[in-house]
Amino acid sequence: INDNSLNKKVFNQNKKIEKILILDTETTGLDENKDEVIEIGCILFHVSTKSVLSELSFLLPVSSNEAEHVNGISAEVTNIGQPWNDGLNFFLKLVDCSDFIVAHNVEFDRKWFGKGRLPKLQKNWICSLEDINWSFQKSLKTRPSVTDLALSFSIPVWSLHRALSDCFYISEVFKKCENLEGLLLKAAEPRFLYKALVNYNERSLAKNAGFRWNSPIEGAWARKLTVEEANQLDFKVQILD
């Protein structure tokens with residue numbers, strides 16, 4: 001069991017999530033050891049009133065951007081003078097005053113912090129892709145994209161691939177969730193990696209339950225679940241952590 005799970009367990013005994021920081025990053029590539037974060041966007045969101053308290057996005061200067069075709073940010077633009085350092089300091093203050101960081105693919109966004117110019121964030125994370133159970137939205141797949149999520153809640157989507165736009169869509173989705181704090185508390189429960197014990201003919205059972213083939217375990221269907229979620233499955237699983 002990792003520290004994150006233990007910290008979440010302690011937190012959940014207090015049963016209160018007041019403020020979350022919805023976070024997204026744009027990067028120059030997929031490899032955190034050689035690529036860089038080119039933009040950080042975030043929204044400080046107050047859970048009980050479903051209110052946006054603060055919004056922030058800023059570019060970080062880079063010498064090249066291999067992912068310009070994805071995010072539309074040229075390296076040249078990132079080097080136009082602006083107080084990105086102050087942006088980073090304010091971002092860290094927003095992290096400090098939040099209970100959780102929420103990102104749509106925590107596995108991707110979290111790995112950039114603690115590298116290069118970005119300090120490690122001492123905060124628990126909730127993944128709106130993996131940890132939140134969206135099954136009450138009947139039209140959604142188990143692991144919905146931000147776009148699919150927004151559209152299922154009738155939130156219009158523009159084709160803006162920038163950090164703050166994804167944060168905006170998630171904050172708008174949260175405004176439409178009836179028991180938002182309950183949903184987040186459930187998502188904050190400790191999760192463990194499970195392997196589906198299914199044969200080839202039963203593989204659709206695992207797939208439909210959000211298990212992924214070969215990720216993160218080679219040659220297996222696997223997914224992180226709470227103990228309660230694992231007990232509710234209609235096939236056998238084996239806990240791995």
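**Cysteines and nonpolar cores**

C42 has 0% relative accessibility and therefore counts as buried (under 20% relative accessible area; exposed is over 50%, partly exposed in between, with a 1.4 Å probe and protein chains only). This is a predicted model, in which local features need pLDDT of at least 70 and side-chain atom pairs count only at pLDDT 80 or more, while totals for chains, interfaces and linings use all residues. Residues are numbered from 1 along each chain as its sequence is written, and side-chain values use heavy atoms, without hydrogens and water.

With a disulfide taken as a pair of cysteine sulfur atoms within 2.5 Å, the count is 0. For C42, the nearest cysteine sulfur belongs to C167 and is 6.7 Å away. The closest one to C127 is also in C167, but at 13 Å, too far for a bond. C127 is buried, at 4% relative accessible area.

A nonpolar core is a set of buried Ala, Val, Leu, Ile, Met, Phe, Trp, Tyr and Cys residues joined through side-chain atoms within 4.5 Å. The largest has 29 residues, and I20, I22, I126, W134, F174 and L184 have the most contacts inside it. Elements giving two or more residues to this core include β1 (19-27), β2 (37-46) and α7 (163-175); helices (H or I, at least four residues) and strands (E, at least two) are DSSP runs numbered from the N terminus. A second, separate core of 24 residues includes L60, W84, F113 and W125.

Beyond its neighbours within four places in sequence, I126 is in contact (heavy atoms within 4.5 Å) with residues including I17, F100, V106 and L184.

F108 lies in helix α5 (residues 106-110). F108 and L30 are 78 residues apart along the chain, with 8.3 Å between their C-alpha atoms.
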